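Dear colleague,

Here is the structure you will be working with. Please look it over first; my notes on it follow below.

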Amino acid sequence: MADSDTPHRPPLLLPDAIHQAVKPGTALLRLETTRSREGLLDGAWWPRTRDIETELPALISTLTEHLGPITRVGVDASAWNGLPTRLVIDDQVVHLDSDPVGDDTVLITRGHNDHFALLVVPPDTTADAARQAMARAVRADNITEAAQILIATTPEPEDSAADAAG
């Protein structure tokens, strides 16, 4: 196959088809299982609701397919409605660690020491803002913290834009 036959994409951007498929309940992941991971975040997750018992099982099932058994999940307690200490997902006990840190991430633990940090896009985020935030989070060279990504990709409220124009 000649080089001209090979589709060329910039290495740090997601294909356009992925952007169109992003909807509530989507997770975008950049899974690097080596110790040399450079970005602050390993992926992004856009849950549909703030009910962790409803939302987390699908994420954990998908991650387990790629990473192996997930043993712990660290979440911001203030971001969820009710938080159990553990869930049974696909016949595996997953322990939930809560911390009221407000850092807009979920920390996934595989085994005893391998951690993956995911940006959590709030369920009520617009589709365009969620796509932008998730795309930034999965960039291999991302050094921006989750909260700052969400701030940077959240559109100005309509009233503020109207007041500024008037």
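Confidence

The chain has an average pLDDT of 78, and 72% of its residues score at least 70; pLDDT is the predictor's confidence in each residue, from 0 to 100. Over residues 1–19 the pLDDT is below 50, and this stretch has 13 contacts in the model beyond near neighbours in sequence (a contact means heavy atoms within 4.5 Å). Where pLDDT is low, the predicted coordinates should not be read in detail. By element, the mean is lowest in helix H1 (residues 16–21), at 50, and highest in strand E4 (residues 86–89), at 94.

This is a predicted model, in which local features need pLDDT of at least 70 and side-chain atom pairs count only at 80 or more, while totals for chains, interfaces and linings use all residues. Residues are numbered from 1 along each chain as its sequence is written, and side-chain values use heavy atoms, with hydrogens and water left out.

What was found

There are five helices and seven strands in the chain (DSSP runs numbered from the N terminus: helices are H or I, at least four residues; strands are E, at least two). Strand E6 (residues 105–110) runs antiparallel to strand E3 (residues 70–76), joined by five bridges; strands pair if DSSP finds at least two bridges between them. Here Gly74 is opposite Leu107 of E6. E6 also pairs with strand E7 (residues 114–120), again antiparallel, over six bridges, and Val106 is opposite Leu118 of E7. Three residues separate the strands of the E6 and E7 hairpin, where Gly111 has a positive phi near 70°.

Regards
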